[in-house]
Amino acid sequence: MSVQVFNMATIPEEQIKTESEAVVPSPNSDLLKERHQLKRTWTLWYLNDKKNLDWLQRLHEVCSVDTIEDFWMLMKNVRPPSRLNNTCDYNVFRDHIRPVWEVPDNKSGGRWLINIDRSKHPEVIDIIWMEILIAMIGEQFGEDSEQICGIVCNIRNKGSKISIWTRDCNDEEANKRIGQVIKEKLMNADIPEYINGPLFDTMRYEDHDDVQQKSSSQIKSKLIISSTVNN
Ligand code: MGP
């Protein structure tokens, strides 16, 4: 939605009641009613920190959006990941796919995992989250968009994580292309000068099956993308 900014100098004095009226369209303006449709519906899910409950009981569907305007409204009304409590998760998944391993869309899938460097500024996680979210809802993955199920953000004291879940862990070519788009977005993100160096070091692709069955030191990375190496 674009808000037209009028040049105050070109509007006759008597027509200007307040300065804000000159820059904000009236509530009835068509500009405010305009909706820009997204290609898919995206749903935000929240995993709370009530560790006494079963994992599935901690998971809650928050809201679904299918326009750019509703997406930004939602983002304005929820805390950024850096302000969530330890052990909470955010998930944004497409077309009503539940953000769990068990459903058909995720059953044979895997994830591109980015470990968030704890020595970096806390807002790094928010920047990575927003860069990939925007790429996802903006269909920046071209023909591979259908392969992407959603994005997960795990807030953990031991080290937070962001992962992009794809539906087929064996489609190496699609997963490689998706990884390269993520890398390109993160390497070209507009970041404040005080954040030194790239937003991530390495991204690893893991099968969901491995993640469920093995401890993190035993999980085999199928693909690796480094921010410092051309791969
Ligand atoms: P996690 O939240 O993905 O990682 O899984 P965390 O907390 O960093 O722990 P680590 O094991 O990677 O070191 C933590 C636990 O949450 C899992 O062991 C499961 O018990 C549960 N869990 C996570 N996911 C994504 C699922 C899921 O999709 N389905 C079910 N049933 N449980 C899950």
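**Entry 1: the shell around the ligand**

I then listed the shell by name: Trp55, Val100, Trp101, Glu102, Arg156, Lys158 and Lys161, where near means a heavy atom within 4 Å.

I'm working from a predicted model, where local features need pLDDT of at least 70 and side-chain atom pairs pLDDT 80 or more, while totals for chains, interfaces and linings use all residues. Numbering runs from 1 along each chain as its sequence is written, and side-chain values use heavy atoms, with hydrogens and water left out.

**Entry 2: polar contacts**

I looked for N or O pairs within 3.5 Å. Lys161 has a polar side-chain atom 2.6 Å from a ligand oxygen. For Arg156, a side-chain N or O atom is 2.8 Å from an oxygen of the ligand, and for Trp55 I read 3.4 Å from a polar side-chain atom to a ligand oxygen. On its own the ligand has 630 Å² of accessible area, and the protein covers 64% of that (Shrake-Rupley method, 1.4 Å probe).

**Entry 3: where the ligand sits**

Which space does the ligand take? I found it in the largest pocket, sitting there by the rule that more than half of its atoms lie within 2 Å of the grid points. A pocket here is an open set of points on a 1 Å grid where a 1.4 Å probe fits, with protein on both sides within 12 Å along at least five of seven lines; lining residues have an atom within 4 Å of a point. I noted a volume of about 720 Å³, the space filled by probe spheres set on the points. The lining has 31 residues, and Trp101, Arg111, Asn154, Lys161 and Val211 lie nearest the centre.

Methods
A polar contact is a pair of N or O atoms within 3.5 Å; within protein, one must be able to donate a hydrogen and the other to accept it, and residues adjacent in sequence count only if both atoms are side-chain atoms.
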